[in-house]
Amino acid sequence: MPKTDALFLWLDERLGINSIFALAKKKEVPLHRHSVWYYFGGMSLFLFTVQVATGILLLLYYRPSAEGAFESVQFIITEVQFGWLIRSVHSWSANLLIAVLFIHMFSVYFMSAYRAPREITWVSGVLLLFICIGFGFSGYLLPWNELAFFATKVGTEIAGVVPLVGRPMLRFLRGGDEVTGATLTRFFGFHVAVLPAIATVLIGLHVLLVQKHGMSVPPSIEGNEPKKMKFVPNFLLRDLIGWILAVGVLAALAAIFPWELGAKADAFAPAPAGIKPEWYFLFMFQTLKYIPAKILFIDGEVLGILAFGLGGLFWMLVPFLNKKPGHGKRKLIFNIIGIFIVLFIVVMTIVGYLAA
C-alpha cells in the first residue's frame, strides 16, 4: 500500500474524513431565481478568513501602546515588504465584509429564510453582524491616528449617554474617563482576543445550523420541489469563482486606493473639522444629529440611542415576531418594514457623506 494511502487511512480512522466527504457529496443547493443570494454567505466567510490571515501578519509588527502604535503601523507601511498592501487589504476587506454581511442579512430577511426551524440561525447571524461591527469599531483606533482618536472619543461618548449603564459602559470601553493608551490596549484586547473568540463560536454554530437545516427556499415556492444542484463540485466551484473575484477587487482597491495613516493622535489638539465615523455607523451618527436636543423632558440623544437599541432587539427577534412570514398582511407589513430600514440606512448614509 502506498504511503499516501496508509496516511489517509490513518487520518480517516481518527478524523472520519470519508464521512465528511460523503456528507459534502450528499449536500444539495436549491435552484430558483433567488439562488444568487446564497453566495453571499460563503463570501462573508471568505472575507472573514482574509481578515484573520492579514490580521495575523500585521500582528507580527504591531505594538499596542500609545507610544508605539502609530510608529509600528508607519513601519509596516514604509519598511516591511508588502506591508502597505497587507494593511490596505485588511482595511478594505473589513469594509467589504460588513457590506456583504448587510446584503446577506437583508436577502435572508426578504426571502423569509428565518422561519422555523431556522430562528437560531437568524439570531446567530445577526449577532455575527454586531460582532463584525464591533471589530470595525475596536480596530479603527489601533493605528492611533488623529481621526481614529477623535472618532473613538465621539463613539464612546454616545455609548455613555445610555441611561443607568451609560457611565459604567463608557469607563469600561475607555479603561478610564478619557481616551488614553489604556483605551488603545483595551481595544486591542477586544480586537484580537475577545471578539475573535466569540466570532469563532458563533460562526461554528451558524455553519452547523445551516448544514443541519439546509438552505431555505422562498415561501412562494415552498411545497413545489425546486431543482437542485450538488454542493460539491457545482456550487463550491461557483463560490470559488466569487472568492477569486473578491481577491481581485481587494487587490485593486488596496493598490489604487491604499489605506492612509494620517497624523499621529494628540489628545491636546483640537478635533479635525468634518470628523465622521465609518460608513456603517454614519446613518446612526447622522440621525442623532437631526434629533432635537430635548423631546419633552428627555434628552434627544438618549431617545435616539434607546430607539437604535430597541431596533436592534426587534431585528434579532424577527423570527419570533413573524412566525408565518409567507402569508397575508403579516408578510406585507414585514416587507414594508424591511424596505423602510434599507432606504433609511442608504439615505442617511448618503446624507451623512454629503453633509461632511
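This is a predicted model: local features need pLDDT of at least 70, side-chain atom pairs count only at pLDDT 80 or more; totals for chains, interfaces and linings use all residues.
Visitor: What share of the residues count as buried, then?

Guide: Of the 356 residues, 40% count as buried. As for the surface, the protein exposes about 20,000 Å², and carbon and sulfur atoms supply 72% of that area.

Visitor: What about contacts between residues 24 or more positions apart, what percentage do they account for?

Guide: Among the contacts with a separation of 6 or more, residues 24 or more positions apart account for 76%.

Visitor: Let's go inside. Which residues touch the most other members of the largest nonpolar core?

Guide: Those are Trp122, Trp144 and Trp315, in a core that has 63 residues. The largest share of this core, 11 residues, is supplied by helix α5, which spans residues 83–110. Apart from it lies another core, made of eight residues, including Val29, Met215, Val217 and Phe235.

Visitor: Going back to Trp144, what does it touch, not counting residues up to four places away in sequence?

Guide: With those sequence neighbours set aside, Trp144 touches Ala66, Ala69, Phe70, Phe149, Val179, Thr180, Gly181, Leu184, Lys264 and Ala265.

Visitor: New topic: how many aromatic pairs does the structure hold?

Guide: It holds 30 aromatic pairs. One of them joins Tyr109 and Tyr114 in a tilted arrangement, with 6.0 Å centre to centre and 40° between the planes. Tyr109 is buried, at a relative accessible area of 1%, and Tyr114 also counts as buried, at 2%.

Visitor: And Phe340 with Phe344, why is that pair stacked?

Guide: The ring centres of Phe340 and Phe344 are 6.1 Å apart and their planes lie at 25°, which is under the 30 degrees used as the limit, so the pair counts as stacked. Both residues belong to helix α14 (residues 328–355), where they sit four residues apart, about one turn of the helix.

Visitor: Is Phe340 buried or exposed?

Guide: Phe340 is exposed, because its relative accessible area is 55% and the threshold for that class is over 50%. Phe344, at 26%, is partly exposed.

Visitor: You mentioned Tyr114. Which side chain does a polar contact of 2.8 Å join to that of Tyr114?

Guide: The partner is Asn322, whose side chain makes the 2.8 Å polar contact with the side chain of Tyr114. Asn322 lies in the loop between α13 (318–321) and α14, and at 2% relative accessibility it counts as buried. Leaving aside neighbours within four places in sequence, Asn322 is in contact with Tyr114, Arg330 and Phe334.

Visitor: Where is Arg330 found, and what does it touch?

Guide: Arg330 is found in helix α14 and is partly exposed, with a relative accessible area of 40%. Not counting residues up to four places away in sequence, Arg330 touches Leu321, Asn322 and Lys324. The C-alpha atoms of Arg330 and Leu245 are separated by 39 Å, the two residues being 85 residues apart along the chain.

Visitor: Switching to His191, is it buried or exposed?

Guide: His191 counts as buried, because its relative accessibility is 15% and the cut-off for buried is under 20%. His191 lies in helix α9, which covers residues 181–213, and its side chain reaches the backbone oxygen of Phe135 at 3.2 Å. Beyond the residues up to four places away in sequence, His191 touches His90, Phe135, Ser138, Gly139, Leu142 and Pro196.

Visitor: Last one: which side chain makes a polar contact with the side chain of Asp299?

Guide: That is the side chain of Lys294, at 2.8 Å. Asp299 lies in strand β4 (residues 298–299) and is partly exposed, with a relative accessible area of 36%. Leaving aside neighbours within four places in sequence, Asp299 is in contact with Ala293 and Lys294. From Asp299 to Leu237 the distance is 54 Å, C-alpha to C-alpha, and these two are 62 residues apart in sequence.

Technical notes. Residues are numbered from 1 along each chain as its sequence is written. Side-chain values use heavy atoms; hydrogens and water are left out. A nonpolar core is a set of buried Ala, Val, Leu, Ile, Met, Phe, Trp, Tyr and Cys residues joined through side-chain atoms within 4.5 Å. Buried means under 20% relative accessible area, exposed over 50%, partly exposed in between (1.4 Å probe, protein chains only). Helices (H or I, at least four residues) and strands (E, at least two) are DSSP runs, numbered from the N terminus. Contact means heavy atoms within 4.5 Å. A polar contact is a pair of N or O atoms within 3.5 Å; within protein, one must be able to donate a hydrogen and the other to accept it, and residues adjacent in sequence count only if both atoms are side-chain atoms. Accessible areas come from the Shrake-Rupley method with a 1.4 Å probe; for residues, only the protein chains shown count as cover. Rings of Phe, Tyr and Trp (its six-membered ring) pair if their centres lie within 6.5 Å; planes under 30 degrees apart count as stacked, over 60 as edge-to-face and the rest as tilted.
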